[in-house]
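Subject: Structure for your review

Dear colleague,

Please find below the structure that I am handing over to you.

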Amino acid sequence: MNSNLYDRNFSVVSESSNEAMTFSVLQWNLLADSLCAKEGDKGFELAPLESLDWSFRQQQILQQISTLSPTILCFQELDEPHFTNWLNPTLSSMGYNGIFKKKPHSLDGCALFAMAAKFSIATTRSIQYSAIHSSASNPTPQNQIAIIARLFHVNSQREMIVAVTHLKAEKSADGEDIRLQEMQQLLHELEIESRITPVAETAGGDVEPLRMPVLFAADLNATPASKEYTAKVYPFIRQHRLGFQTAYSNDSDPGQYTTWKVRKGKESKHVIDYIFHASPTNPNPRNCFLRVLKTLDTPVHVETERIPSFRYPSDHFALFAEFEMDISQVRL
């Protein structure tokens, strides 16, 4: 049995100009233990049974985190007891502060951690999405959520908005419509949360208001394109007025993936996990922006049982991106 995590390579995007301004972000759907099974609708039928055991998987989760040592960690599908009794105290002992929000009708939820030596968590709040279903006329609360945090960057003495979210899983046109409504709510809140300049000071102007840097990590459950229905979520994000860019520039390339699994005899390999950062096309010259330095590739070769397996503890590969907080062009 080979239980070594898959080898992965880094892709360098640009070189750092100021080491003190760099930080890294991990985005990872952990595959909640409450959702991990060998049989049934959620069953990973090719996965060795022992590889699905939580005590085995949590060791590999920590191994992946320790190897990468990210500054900011964004998780989906973390069961509440595992946050409270395991991951929060473990990461706290490693120098992280964390917050958690449980889904309203599930055991699992989202979590966000920040390395205390580089970021302090200034404020946090959560969103429970609502959506109008195809057969309804009024919005109803969803089981999907987001965490929005305002982080204070110690070295730059600047604040930054970071969010983590997990959208509706249903792979259908109706599911995509609901995901679009959820994302519309999140980006609306990020616009409000990131604004520094009061609305009255910029009303009618062509230049973006003074804003904090914004990034969000997500399991969108949405691909950049789809043959089964019209993709709406990814295009909406990319066309948003805040100019969101993905840290991984090859999201739409054939063969790219963030999850590769076999369930009920059906193999799924696609991109549904992302790290986005705001990059407005008409920025306020006083704004501070984020620049991608490098990203962690997914493995070139994955064994026949796909993931999860003895080689990886989740059905999603962790994404990792290193950023630089670029203040070189800021005019105060």
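The notes below cover the pockets, then the aromatic pairs and the charges placed over rings.

Please bear in mind that this is a predicted model.

The largest pocket has a volume of about 1300 Å³. Its lining comprises 45 residues, and those closest to the centre are Lys171, Asn221, Ser268, His270 and Ile272. Three strands, β7 (140–153), β11 (259–263) and β12 (266–270), each contribute at least two residues to this lining. Of the elements involved, β12 gives the most, with 5 residues. Sorted by class, the lining of the largest pocket holds 20 charged, 14 polar and 11 nonpolar residues.

For the second largest pocket, the volume is about 240 Å³. Its lining is made up of 19 residues, and Tyr248, Asn250, Gln256, Asp297 and Thr298 lie nearest the centre. Here the division by class is 8 nonpolar, 8 polar and 3 charged.

Aromatic pairs

Across the whole structure, 18 aromatic pairs were found. One of them joins Tyr6 and Phe317 in an edge-to-face arrangement, with 6.0 Å from centre to centre and 65° between the planes. Tyr6 belongs to the segment before β1 (10–12), while Phe317 lies in the loop between β14 (289–296) and β15 (319–326), so this pair ties together parts that are 311 residues apart in sequence. Tyr6 counts as buried because its relative accessibility of 8% falls under the 20% cut-off. Phe317 is likewise buried, at a relative accessible area of 1%.

A further pair is formed by Tyr234 and Phe276: the ring centres are 6.2 Å apart and the planes stand at 55°, so the pair is classed as tilted. This pair also links distant parts of the chain, since Tyr234 is in helix α5 (residues 233–238) and Phe276 is in strand β13 (residues 273–277), 42 residues apart. Both residues, Tyr234 and Phe276, are buried.

Aromatic cluster and charges over rings

Tyr6 and Phe317 also belong to one aromatic cluster, together with Trp28, Tyr257, Trp260 and Tyr312. Two rings of the cluster, those of Trp260 and Tyr6, have a charged end placed over them. The charged end of Lys269 sits over the ring of Trp260, 4.0 Å from the ring centre. Over the ring of Tyr6 sits the charged end of Arg311, at 4.3 Å from the ring centre.

Yours sincerely

Notes. Residues numbered from 1 in each chain as written. Predicted model: local features only at pLDDT ≥ 70, side-chain atom pairs only at ≥ 80, totals over all residues. Heavy atoms only, no water. 1 Å grid on protein atoms, 1.4 Å probe; cavity = no way out; pocket = protein on both sides within 12 Å on 5 of 7 lines; lining within 4 Å. Points joined across faces, edges and corners; volume = space filled by probe spheres on them. Helix = DSSP H or I, 4+ residues; strand = E, 2+ residues; numbered from the N terminus. Nonpolar A, V, L, I, M, F, W, Y, C, P; charged D, E, K, R; others polar. Phe/Tyr/Trp six-rings, centres within 6.5 Å; stacked < 30°, edge-to-face > 60°. Buried < 20%, exposed > 50% of the residue type's maximum accessible area, 1.4 Å probe, protein only. Lys NZ or Arg CZ within 6 Å of the ring centre and 35° of its normal.
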